[in-house]
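Please read it alongside the sequence and the model.

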Amino acid sequence: MNRTLIIAEAGVNHNGDIQMAKQLVNAAAAAKVDYVKFQTFKADKLVTKKSKKADYQIINTADGDPSQYNMLKALELTDEMHDELIAYCKTKDVKFLSTGFDQDSLAYLKDKGITLAKIPSGELTNLPYLRTVANLFQDVILSTGMATLSEVKEAYNILLDNGVSRNRITILHCNTEYPTPMVDVNLLGMLDIKEKLNCSVGYSDHTLGIEVPIAATALGAVVIEKHFTLDRNLPGPDHKASLEPDELKQMVQSIRNIETALSGSGVKEPSPSELKNKPIARKSIVAILPIEQGETFTLHNIGVKRPGTGISPMKWDEVLGSSALKSFNIDDLIEL
């Protein structure tokens, strides 16, 4: 099994604070993820000033302000913060990534040396945006929350038609409710995308806990994306549906364990580590009563017990009714 790419989504969980953003980088690096991802946008280009928060944002921010514009304005990363985070990620040996939410942000990230585009679910139906992604980036990850398969296919074809190679696109199954109820995960939808579009697939998770990303890995996800935070009790729109640092570590380790578990030959055969258990756990045909030389082996004087170093009970019919070539004491392994 190929190594799953794990993206730790810091998103806007830095709350506009560069020191908190660096702490998030530290946590991502400690968890040994591949990428720590932020979000690049200017509120003025992302939403109208009259845009309202989503229900989960109203609940999680709890500041009495319904304005999505005001919320996002406070969560922008400045140019200086981008440079500082990119440099800081290099010192921590974790790759920096960010989602650009508009065409200018995409170009900005390209200029910063970012070579992988991560398309958020909300931009899947944005034709100019998708064309810009295809023109700027060779490698693309596409999230598909809120989308039908036909919408996913249309976005996928736009990327292909504008020059992105099929083998450099990964489509992530996703649900955009924060947190996503388990009943709404529909994880097999990821396999539907893979089958119908003949593409690489992954999973962007917004459920509570780590079970679903692990299951997605077992089903063949090549990319896993998961929000994380320093503390779920912090104010902000996404903290409540995010993993804390120790949970992120546990998720990464669990995914790596699943990769190892799936990396065998695929043939049902004993593993080297268990061969030593065969003579201990299996059984042999033994004497359950004293048996004299020449006596016939019967149901009354032989039985089956551990260890498995003698005649296998699978040869029971061959032994039963034959004559003892020597005498046997109770629990002696029968020999023919």
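Helices (H or I, at least four residues) and strands (E, at least two) are DSSP runs, numbered from the N terminus. The model is predicted, so local features need pLDDT of at least 70 and side-chain atom pairs count only at pLDDT 80 or more, while totals for chains, interfaces and linings use all residues. Residues are numbered from 1 along each chain as its sequence is written, and side-chain values use heavy atoms, with hydrogens and water left out.

**Pockets**

- The largest pocket holds about 760 Å³ of space. A pocket is an open set of points on a 1 Å grid over the protein atoms alone, where a 1.4 Å probe fits, with protein on both sides within 12 Å along at least five of seven lines; lining residues have an atom within 4 Å of a point. The volume is the space filled by probe spheres set on the points, which are joined across faces, edges and corners.
- Its lining has 32 residues, and those closest to the centre are Tyr 56, Gln 57, Phe 101, Gly 122 and Tyr 178.
- Strand S2 (35–40), helix H3 (55–61), helix H4 (68–73) and strand S8 (223–227) each give two or more residues to this lining, with the largest share, three residues, coming from H4.
- By class, the lining of the largest pocket has 15 nonpolar, 11 polar and six charged residues (nonpolar: Ala, Val, Leu, Ile, Met, Phe, Trp, Tyr, Cys and Pro; charged: Asp, Glu, Lys and Arg; polar: the others, Gly among them).
- The second largest pocket holds about 300 Å³. Of its 18 lining residues, Leu 5, Thr 170, Ser 200, Val 222 and Val 223 are the closest to its centre.

**H7 and H8**

- Helix H7 (residues 127–136) packs on helix H8 (residues 149–161) at about 40 degrees, with the axes 8 Å apart (axes are lines fitted to C-alpha atoms, for helices over the stretch in contact, and angles run from 0 to 180 degrees between N-to-C directions).
- H7 and H8 are therefore oblique to each other (under 35 degrees is roughly parallel, over 145 roughly antiparallel, 65 to 115 roughly perpendicular, the rest oblique).
- Leu 127, Leu 130, Arg 131, Val 133 and Ala 134 in H7 contact Ala 155, Ile 158 and Leu 159 in H8 (heavy atoms within 4.5 Å).
- Seven of these residues are nonpolar, none polar and one charged.

**H8 and H9**

- H8 and helix H9 (residues 188–197) pack at about 50 degrees, their axes 11 Å apart, which makes H8 oblique to H9.
- In this contact, Leu 149, Val 152, Lys 153 and Tyr 156 of H8 meet Asp 192, Ile 193, Lys 196 and Leu 197 of H9.
- The residues of the H8 and H9 contact comprise five nonpolar, no polar and three charged.
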